[in-house]
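Hi everyone, thanks for coming. I'd like to walk you through one structure today, so please take a look at it before I go on.

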Amino acid sequence: MPPELQRIGLVHSCFREKFGIPRQPGLVAEARAEIEILPPFDRDEAFSGLDSFSHIWVIFVFHQCQTENGQGQWKATVRPPRLGGNQRVGVFASRSTFRPNPLGLSVVKFEGMARRQGKLYAQISGVDLLDGTPVLDIKPYLPYADSLAGARSGYAPQAPPSQGRLRFSEQAQAQCQQFARDYPGGHAALYRLIEGLLRLDPRPAYRRNTQDRSERYAMRLLDFDLHWELRGDDIHVLVLAQVDGDSTG
Ligand code: SAM
C-alpha cells in the first residue's frame, strides 16, 4: 500500500453542498468546475498531451464522508436511490459515497488547462463533485478500453429520467438575470444549469415515493440558495437567495 496518498488538486465547483448534486457525472452538461492543481504538481509539462483528450477520469476523496482519521464511514449494504431507497445491495455493488476507502471516480468533459495568477487549473464540466473535493489523480478517458458495448449495469440500466417543466416566479426570473451577470455563458447557461439539476429531481428517494408534492426544497448553488416546489408536473423556481460569506470555491 502507498504509505500516504497525496492530493494533486482541489475542486472548485458550482456545488456548495451535497444535496442537489447529480448522482453521476455527465447528467448535467452545464455543471462546471475547475481542479486547482496543487504544488508541486502544477507544472505545465505534467499535463502536456492531455488537450488531445475530450474526457478525463478524476479520482477523488469523498471528503465529506470521512471519519476524523480520514477513513470511510461504511456499512456492508446500502440503499441506492435508483432502487427507490428501500432495497439494499452490497456496498461494492453500489456507487455509494459511504465506503471503506472514501474514493470516488468520475469521467468528466475536459475543457482545457488554464493558468491564472500563477495557479494552474484543469477546467471540466458535467461534474458530480462537491466544492472543496480533494483530487488524487487525473487520467485520460480511453473509449476503446473504458466504453464497453454490451456491458450489463444491473439495477441502473440507463440514466435517470429528466422530467418536468421549469416555471420561474417573477422574482426568481429577475434574480436569475442578476446572478447570470457573473456566470460564464450568461443567463442561458445559468438557466440550463438550474433546469438540468431540477429536472433530475434531487429529492431523496423516500420523498419521491410519497404523494405529498407540496413541500418546498432548497439547494445551495454557486453563491445562492435555490428554492423550488413541485406543482403537478411543473417545477416552480421560487427564489434565488444570495448567500453571504465565503466558500472554498
Ligand atoms: N461518480 C462518482 C463515483 O461513482 O464514484 C461519485 C458518485 S456519488 C453517488 C455522487 C454523489 O457524491 C453526489 O451526488 C454528491 O452528493 C456526493 N459527493 C460529491 N463530492 C463529494 C465529496 N467530496 N464528499 C462527499 N460527497 C460527495
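Let me start with a term I'll be using: a polar contact is a pair of N or O atoms within 3.5 Å, and within protein one of them must be able to donate a hydrogen and the other to accept it. Residues adjacent in sequence count only if both atoms are side-chain atoms. Please also keep in mind that this is a predicted model.

With that in hand, how many residue pairs are in polar contact between domain 1 and domain 2? There are seven, with both residues at pLDDT 80 or more. If we sort the residues on the side of domain 1 that touches domain 2 by class, we get eight nonpolar, four polar and five charged.

Now, the domains themselves. Domain 1 covers 9-146 of the protein chain, and domain 2 covers 165-242. Their C-alpha centres are 23 Å apart. In the interface, 17 residues from domain 1 are in contact with 24 from domain 2. Together the two domains bury about 1,500 Å² between them, and carbon and sulfur atoms give 61% of that. On the domain 1 side, Arg16, Phe19 and Glu30 supply 36% of the area buried against domain 2, more than any other three residues.

Arg16 comes up again when we turn to charges. The count between the domains is two salt bridges. Have a look at the side chains of Arg16 and Asp223, which meet in a salt bridge at 3.1 Å, N to O.

Finally, the ligand. What surrounds it? 20 residues do, and the closest are Gln24, His63, Arg95, Asp128 and Thr133. His63 places a polar side-chain atom 2.8 Å from a ligand nitrogen. The backbone takes part too: a polar backbone atom of Ile21 is 3.1 Å from a ligand oxygen, and one of Leu105 is 3.0 Å from an oxygen atom of the ligand. On its own, the ligand has 600 Å² of accessible area, and the protein covers 92% of that.

That's my tour; I'm happy to chat about any of it.

Key: Residues numbered from 1 in each chain as written. Predicted model: local features only at pLDDT ≥ 70, side-chain atom pairs only at ≥ 80, totals over all residues. Heavy atoms only, no water. Domains from an automatic or database assignment. Contact = heavy atoms within 4.5 Å. Buried area = accessible area lost by both parts, 1.4 Å probe. Salt bridge = Lys/Arg side-chain N within 4 Å of Asp/Glu carboxyl O. Nonpolar A, V, L, I, M, F, W, Y, C, P; charged D, E, K, R; others polar. Near = heavy atom within 4 Å. Areas by Shrake-Rupley, 256 points an atom, 1.4 Å probe, with all protein chains shown as cover.
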